[in-house]
Amino acid sequence: MILDDKAADPRYLYIPALRGEEFVSMVSVPIVTPLGHLVGVLNVHTRARREFSGADVELLRTVAGLVAGAIENARLHRRLAEREEALESFAERIVEWQERESRRLAGEIHDGISQRIVSLFFHLSAAADVIGADPALAAEQIGRAQELAAAALDETRSAIAGLRPPVLDDLGLAASLDSLGHSFPGLDVRVDAAELRMAGHVETAVYRTAQEALQNAAKHASAQSVRIRLSQHADRVLLEVSDDGAGFDPEAQRAASEPESGVPSPAGLGLSGMRERAELLGGTLELISAPGRGTTVRLAVPFTPPAYPGSAQSGTPGWPAHPPG
Ligand SMILES: Nc1ncnc2c1ncn2[C@@H]1O[C@H](COP(=O)(O)OP(=O)(O)O)[C@@H](O)[C@H]1O
Ligand SMILES: [Mg+2]
């Protein structure tokens, strides 16, 4: 409360557009939201000098309280709208991803696995034809058939591994991240993961984020080493994947990738997919990178315990069993 000579009062800030010189007394009350956040100040000026009464201040506090409630509602509303938008675009991407995955799987089965089984069949027939007359030739044909069977098995495994994190349910997140690290032979991957059990969909999201970040480090960064860290801080879970590679300008990349230019990689939905997934879980995704300085992907999501203690499987009802990417 300033009754007169406000220019001499250190609390008064003169802003020409507000024409302070036309007013004499003023009173200010903070605008504090129901959740306790200070979001602004409500100032009232009078042309004539005025002694503000307790009732005046009380009235202003009430008005400030109403304004604060409205501001908080507007903010919550905006956050909700953003989540909803993220959800919609994520749902679209899930459908696109499923289509692409089906095509990929069909391609792998048709070009790889079934071709091998066809030649396997011919080698076995050839062996059957000569097994009496020329056992050595038959043995050679069977040997070729065995190699083909092994190759078909490998291809089947990798086709399946592209579909869902194969180890999450069995090993848990920490060990799955470990084994993920080992699946990039060209990279020296260090994994430092806390033993956490969380709801299945959160574990899958964390795993997929790590997988995509590792894939990017291998594919784009020419990195030599990668560090994966998983930790819990109060009610948040933090995943960090740092590489020592080429780095890039995340802002420029983000601008260039909007809207849907470029085909997202099959195992994930790229950086934008990581971001959407983080937002959907009420978390955040940060990219810390600059050309020549390596890249850190930092995912923070609320810690969500498994639906049933002791099991981290399947997650929330209604959530797709295998969220993509
Ligand atoms: N770790 C990284 N190091 C360097 N560049 C990266 C890294 N991660 C992403 N990028 C850059 O960002 C682009 C987009 O990545 P992403 O969305 O994962 O799509 P994709 O991997 O399919 O190209 C990449 O093409 C690359 O230029
Ligand atoms: Mg990628």
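1. Let's start with a word you'll meet a lot: a residue is buried if its relative accessible area is under 20%, exposed if that area is over 50%, and partly exposed in between, using a 1.4 Å probe and counting protein chains only. With a relative accessible area of 56%, Asp5 is therefore exposed. You'll find Asp5 in the segment before β1 (25-32). Its phi is near 50°, a positive value in a residue other than glycine. For background, most residues other than glycine have a negative phi.

2. Some ground rules before going on. This is a predicted model, where local features need pLDDT of at least 70 and side-chain atom pairs count only at pLDDT 80 or more, while totals for chains, interfaces and linings use all residues. Residues are numbered from 1 along each chain as its sequence is written, chains are lettered from A and ligands numbered from 1 in the order in which they are written, and side-chain values use heavy atoms, leaving out hydrogens and water.

3. Now the overall layout. The protein has seven helices and seven strands; here helices (H or I, at least four residues) and strands (E, at least two) are DSSP runs, numbered from the N terminus. Starting at the N terminus, the order of elements is β-β-α-α-α-α-β-α-β-β-α-α-β-β. The protein has 325 residues, and 36% of them count as buried.

4. Which residues come nearest to ligand 1? They are Glu212, Asn216, His220, Asp243 and Leu271, out of 15 residues around the ligand. To count as near, a residue must have a heavy atom within 4 Å of the molecule. The shell around ligand 1 splits into five nonpolar, seven polar and three charged residues. In that sorting, Ala, Val, Leu, Ile, Met, Phe, Trp, Tyr, Cys and Pro are nonpolar, Asp, Glu, Lys and Arg are charged, and the others, Gly among them, are polar.

5. Look at the polar contacts next (pairs of N or O atoms within 3.5 Å; within protein, one must be able to donate a hydrogen and the other to accept it, and residues adjacent in sequence count only if both atoms are side-chain atoms). An oxygen atom of ligand 1 sits 2.9 Å from an N or O atom in the Glu212 side chain. For the side chain of Asn216, the distance from an N or O atom to an oxygen atom of the ligand is 2.9 Å. With the side chain of Lys219, an oxygen atom of ligand 1 is 3.3 Å from an N or O atom. Taken alone, ligand 1 exposes 540 Å², and the protein buries 80% of that. These accessible areas come from the Shrake-Rupley method with a 1.4 Å probe; for residues, only the protein chains shown count as cover.

6. Glu212 is buried, with a relative accessible area of 3%, and Asn216 counts as buried at 17%.

7. How many aromatic pairs turn up in a search of the whole structure? The search finds one. The ring centres of Phe121 and Phe122 are 6.0 Å apart and their planes are at 70°, so this pair is edge-to-face. The rule is that rings of Phe, Tyr and Trp (its six-membered ring) pair if their centres lie within 6.5 Å; planes under 30 degrees apart are stacked, over 60 edge-to-face, and the rest tilted. Phe121 is exposed at 55%, and Phe122 is exposed at 54%.

8. Thr46, in strand β2 (residues 38-46), is buried at 14% relative accessible area. A polar atom of the Thr46 side chain lies 2.7 Å from the backbone oxygen of Ala48. Ala234, in the loop between β4 and β5 (236-243), has a phi near 50° and is exposed at 71%.
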